[in-house]
Amino acid sequence: MLRGAAGVEHLELRAAWLGLEPEQMAADRLIRRHQGAVVSHASAARLHQLGDLEADRHEFTFPTRKQTRRTDVRLHRGVLTPAEVVTVAGLPTTTPERIVVDLLDDRHDGEHIARVLASAVRSRSIDLDRLAPRLARFAARFDFAAGEGERVLDHLLEVGGALDQVVADNLVNIARAQNLTVVEAMARAAQGVRVDPAVMEAMARAAWGAPETGIRGPASRRALKALEGGSD
């Protein structure tokens, strides 16, 4: 670092990433970002600013077996698709969907994972429709029947305090699709479904924010039932 030079974000993490493939230029590695070392697990969550996991070691996923002598670096072996890697702060990083799956595979505490998921929901950086099927293999861990990925997702959303926001965002989107005001949608929901006051409050907050693009996911079925006058 030169005196007076602009600071570099995540300097230690960046140095660890550069050190894993020192023979290759960083720019070239970013072009094929899913084929080399990718920031993952808790380190990726920190880079995305999701949740409150302590990243005491720099974690990377690598497609082939690789070793390091650094005690502050932890390597995971795994093949990533191009859709699972984005560039964050100049570093190839796993997507929020992949982070949740990796943390579950790594047996992190469920509440910590739920907070990572909730942060991604609030920042609208995660696709719940894509995530739900990938959670099916973890159903038994949460005492659900085999293959019930949507129930795992709803459980994590509820633990993280984000389920109401998902429902609220879906109500806003469905209301628009049916040319209803959010107030009308809330009224229909109140008539057709037992709506928790916290959900109504979340819907009111969503009405003020009125995001152009809301979260889509398993909870949309509840919102749809509400607007159609169905029952819980």
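Q: A strand is a DSSP run of type E with at least two residues, and strands are numbered from the N terminus. In which strand of this predicted model does Val-85 lie?
A: The protein chain has eleven helices and five strands. The run covering residues 85–88 includes Val-85, and this run is strand 4.

Q: Is Val-85 buried or exposed?
A: A residue is buried when its relative accessible area is under 20%. The value for Val-85 is 1%, so Val-85 counts as buried.

Q: How far apart are the C-alpha atoms of Val-85 and Val-38?
A: Leaving aside neighbours within four places in sequence, Val-85 is in contact with residues including Arg-33, His-34, Val-38 and Leu-80. Val-85 and Val-38 are 47 residues apart along the chain. Their C-alpha atoms are separated by 7.6 Å.

Q: What share of the contacts with a separation of 6 or more comes from residues 24 or more positions apart?
A: The pair Val-85 and Val-38 is 47 residues apart along the chain, and the two residues are in contact. Across the protein chain, the share of contacts from residues 24 or more positions apart, among those with a separation of 6 or more, is 63%.

Q: How much of the protein chain is made up of buried residues?
A: Val-85 is one of the buried residues, and Glu-59 is another. The protein chain has 232 residues, and the buried part of them comes to 44%.

Q: How are helix 5 and helix 7 oriented to each other?
A: Gly-110, Glu-111, Ala-114, Leu-117 and Val-121 in helix 5 meet Leu-153, Leu-156, Leu-157 and Val-159 in helix 7. The axes are 8 Å apart, and the helices pack at an angle of about 85°. Angles from 65 to 115 degrees count as roughly perpendicular. Helix 5 and helix 7 are therefore roughly perpendicular.

Q: What is the phi of Arg-124?
A: Most residues other than glycine have a negative phi. Arg-124 is found in the loop between helix 5 and helix 6, and at 36% relative accessibility Arg-124 counts as partly exposed. Although Arg-124 is not a glycine, its phi is positive, at about 55°.

Q: What is the phi of Asp-143?
A: Asp-143 lies in the loop between helix 6 and helix 7. At 72% relative accessibility, Asp-143 counts as exposed. Asp-143 is not a glycine, yet its phi is positive, at about 65°.

Q: Over the ring of which residue does the charged end of Arg-29 sit?
A: By the rule for ring pairs, the count of aromatic pairs comes to zero. A ring can also lie under a charge, and the charged end of Arg-29 is 3.9 Å from the centre of such a ring. That ring belongs to Trp-17.

Notes:
Residues numbered from 1 in each chain as written. Predicted model: local features only at pLDDT ≥ 70, side-chain atom pairs only at ≥ 80, totals over all residues. Heavy atoms only, no water. Helix = DSSP H or I, 4+ residues; strand = E, 2+ residues; numbered from the N terminus. Buried < 20%, exposed > 50% of the residue type's maximum accessible area, 1.4 Å probe, protein only. Phe/Tyr/Trp six-rings, centres within 6.5 Å; stacked < 30°, edge-to-face > 60°. Lys NZ or Arg CZ within 6 Å of the ring centre and 35° of its normal. Contact = heavy atoms within 4.5 Å. Axes fitted to C-alpha atoms, helices over the stretch in contact; angles between N-to-C directions. Parallel < 35°, antiparallel > 145°, perpendicular 65-115°, else oblique.
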